[in-house]
Amino acid sequence: MKTIIKNCKVFNSDKDVVYVNDGKFSEAFAENEADEVIDAKGNTVFPGLVDIHVHLREPGYEYRETIATGTAAAARGGFTSVCCMPNTLPVCDNAAVVSGILKKAAEAGNCRVYPIGAATKDIENTELAELGLMKEAGIVAVSNDGKPIPNAGLMRKVLEYSSDFDIPVLNHCEEKSLGTGAMNEGEVSTAIGIRGSSTAAEDIMISRDLILAEYLNVPVHICHVSTMGGVRMIREAKARGVKVTAETCPHYFTLTDACCENYDTNFKMHPPLRTEEHRLAVIEGLKDGTIDCIVTDHAPHHQDEKDVEFSNANNGIVGLESSFALSYTYLVKTGIITLEKLIDLMCYNPSSILKLGRGGMNVGDDADLTIMDLENEFTFDKNKMLTKGRNTPFDGWKLFGETQLTMMGGKKTYEKLC
Amino acid sequence: MGLKSKDLLGMKQLTPEEIMEILDTAKTMKLVISSANKKTSHLQGKSVVTLFYENSTRTRLSFELASKYMGSASANISASGSSVAKGESLLDTARTIDMMGTDIIIMRHPQSGAPHSIANRIKASVVNAGDGMNEHPTQALLDMLTMYERFDTFEGKNIAICGDVYHSRVVRSNAIGLAKLGAHVSVYGPRTMMPIGIEKMGVRVASSVADCVKDADAVMGLRVQLERQKSSLFPSVAEYSKFYAITPEMLKLAKPDAFLMHPGPCNHGVELPTAVYDCDQSVINEQVTNGVAVRMAVLYLLMARRNNL
Ligand SMILES: [Zn+2]
Ligand SMILES: [Zn+2]
């Protein structure tokens, strides 16, 4: 199978044609040899995006999302590689579940899926899970996302044992004794009478993990950083040579806790939306390289799990289909970062943190790519999403950077219907 | 005449003019309560349902009498003994009640924002009778009626509120309502029960009971839930009553004609010594009467709006 994408701008290159042969980027060939010629209409071809923090819900919660629908959403968002968190049912804490996820992902064929294993059995924060066997089965990291590893002694063991197998550890940082509220603790939570979760809850656990990583001289990756204190501590730790990497999500640099004022549960997630000064600190962290990557923390929920009282509503929002457009519109269009930096954050850096080897566009590399329209504004419409979840706070937002086509290994995984 | 919104969700949603209209109407309603024939026809042919997910004797009774004095058909639903207990969602329950032709749903719920989450999904008017730690607007209105009967204006008046501010929807509603009418609210309580950022609601956080009560025109005590002890919010009743209660000595620091209020039910000897509860300055019993009057006014004005549409 030979494909030509013509009439395009190629990211970071002066080329205007892309040649794909047998699933790989290839040398030029004549147009009459091509099985398909795609007219990119002047849009930009990027390497396929990489998201190292998503929840695909399968096995166990197929009513929220399946691997097939989640990866279809990923492709629509321009992603060709995603890493899925282990809080499924059963929990992804053993090699059999890992293999099952990989099999389903291959069947769906929408996106490369790299499973993340639970660090402890059943995410119960007591005994270590079989990290080595899971690594053999294909995990690329371990995490107890959603159930932060609560004590320093256990976190130390997870970091130490994972380092034997060269498995990155991703921790969701929230000290639960300070962080059980339904939104950020502050003047908004006080005014609307919702129990708050403090920035101190996140900062305390980030500081603990940084101290352990430095003490043990092992790497640690901090999930979805949302606080000014977190950004500052990670920046300082990096300057000292601590092996720390960090991620944040589009909602932490586009929204604040003021959005919760009307008890709209599509603004409820953990960590919670913070105040403006924290939002600005996250942007600063993205700018200066303190935060290495943008992830979505894509968390589909059923309507019935969100259509309830604020405190009873499930945490999380879907994000795969809005991530690039939000990031492009709010970070690049505004001049805060360059387009090159955005692709570092959404492709090269996450790929290298988990050693996925993605993002290459040289001859012989897997033809993972996405074509984005950077010129025309579009309205983000929740009803057009391919995820099963409808829990997005961005419905109706005017954005730039709409995906036109995504290709994984030379195969079209998404094409916008005109 | 009437209210701008279909619902009464909180003092946040009311304008100063609407607050004054409710208080003026309540003054008239008080005449009905004190008359021999407690019957008006303002709600004749209308139906009012109380939907309580939290136990409450006095608020519920107060609403029930208010609607009965005005001639409505009324029904009561409690969280226990109905489909609510069987796990039906709040929205489904509200829609069911709505479809039975209910005009007004009076709702109490342990979760903040619960009435807001149903109000714009149903046709009936929703009256918030207390939602979590958020608001309890009719309590604030009855407190304000009690003040209004003694003040010519709220402008520049000092109101002191002492106790468990963190968990109190009464404080939030009073702070918002009183600020809208130009009064100065001071609050004080254990730091463990003082929510972060409360000063952004326009209240002053005092440094002691004395500092809070000094020169007050009205003093309000708040109920302390004794089970808060278990979550380490305060160590003992003895310690609480020694350092945080409104004692007769403290009350002397207020203005000479100041009066004492409490939303009830009161833990005698904890937040208020019994001597204070029963003292000449106490208007606590009158607040109960005013509660019915204010609720009659709210129901009347909401119905007036419905009738005008
Ligand atoms: Zn998380
Ligand atoms: Zn997550």
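Trainee: Leaving aside neighbours within four places in sequence, which residues is A:E305 in contact with?
Mentor: A:E305 is in contact with A:Y63, A:R64, A:A313 and A:N314. Keep in mind that this is a predicted model.

Trainee: Where is A:E305 found, then?
Mentor: In helix α10 of chain A, residues 303-306.

Trainee: And is A:E305 buried or exposed?
Mentor: Buried, at 15% relative accessibility. The side chain of A:E305 also makes a polar contact of 2.9 Å with that of A:R64.

Trainee: OK, metals next. What are the protein donors of the zinc ion, ligand 1?
Mentor: A:D145 through OD, A:H172 through ND1 and A:H224 through NE2, and they lie 2.0 to 2.1 Å from the zinc ion. Along the sequence, the donor residues are spaced D-x26-H-x51-H.

Trainee: Where in the chain do A:D145 and A:H224 sit?
Mentor: In distant parts of it, 79 residues apart. A:D145 is in the loop between β10 (141-143) and α4 (152-164) of chain A, while A:H224 is in the loop between β14 (220-222) and α7 (228-239).

Trainee: Is A:D145 buried or exposed?
Mentor: A:D145 is buried, with a relative accessible area of 5%. A:H224 is buried as well, at 0%.

Trainee: Switching to helix α1 of chain A. How many of its 10 residues are buried?
Mentor: Nine of the 10, so the helix, residues 67-76, is largely enclosed by the rest of the structure. Among the buried ones are A:I67, A:T69, A:G70 and A:R76.

Trainee: What do those buried residues pack against?
Mentor: The list is β8 (79-84), α2 (95-108), β9 (112-117), β18 (398-408) and β19 (411-415), in chain A. If you look at backbone angles, check A:G78, which follows α1(A) and has a positive phi, near 95°.

Trainee: Now the interface. How many residues does each chain bring to the contact?
Mentor: Chain A brings 16 and chain B brings 22.

Trainee: What area is buried between chain A and chain B?
Mentor: About 1500 Å², with 51% of that from carbon and sulfur atoms. On the chain A side, A:T190, A:Y263 and A:E309 supply 36% of the area that chain A buries against chain B, more than any other three residues.

Trainee: How many salt bridges are counted between the two chains?
Mentor: Two. One of them joins the side chains of A:D307 and B:R121, at 3.1 Å from N to O. The interface also has 10 residue pairs in polar contact, both residues at pLDDT 80 or more.

Trainee: Which element gives the largest share of the side of chain A that touches chain B?
Mentor: Helix α5 of chain A, residues 187-192, with four residues. By class, that side of chain A has five nonpolar, six polar and five charged residues.

Trainee: And how many salt bridges over all chains?
Mentor: The whole structure has 38. Take A:R240 and A:E214, whose side chains meet at 2.8 Å, N to O. A:R240 is in the loop between α7 and β15 (244-248) and A:E214 is in helix α6 (residues 199-216), 26 residues apart.

Trainee: What about A:R358, which side chain does it meet in a salt bridge?
Mentor: A:D366, at 3.0 Å from N to O. A:R358 is buried at 18% relative accessible area, whereas A:D366 is partly exposed at 23%. Both belong to a network of salt bridges that also links A:K24, A:R112 and A:D368.

Trainee: Last one, in chain B: what does B:D103 form a salt bridge with?
Mentor: B:R306, with the closest N and O atoms 3.9 Å apart. B:D103 lies in the loop between α3 (90-99) and β3 (104-109) of chain B and B:R306 in helix α11 (residues 284-308), so the pair ties together parts 203 residues apart in sequence. B:D103 is buried at 15%, and B:R306 is partly exposed at 21%.

Note on methods. Residues numbered from 1 in each chain as written. Chains lettered and ligands numbered in written order. Predicted model: local features only at pLDDT ≥ 70, side-chain atom pairs only at ≥ 80, totals over all residues. Heavy atoms only, no water. Contact = heavy atoms within 4.5 Å. Buried area = accessible area lost by both parts, 1.4 Å probe. Salt bridge = Lys/Arg side-chain N within 4 Å of Asp/Glu carboxyl O. Polar contact = N/O pair within 3.5 Å; in protein donor to acceptor, adjacent residues only side chain to side chain. Helix = DSSP H or I, 4+ residues; strand = E, 2+ residues; numbered from the N terminus. Nonpolar A, V, L, I, M, F, W, Y, C, P; charged D, E, K, R; others polar. Donors = N, O, S within 2.8 Å, 3.2 Å for Na, K, Ca; no water. Buried < 20%, exposed > 50% of the residue type's maximum accessible area, 1.4 Å probe, protein only.
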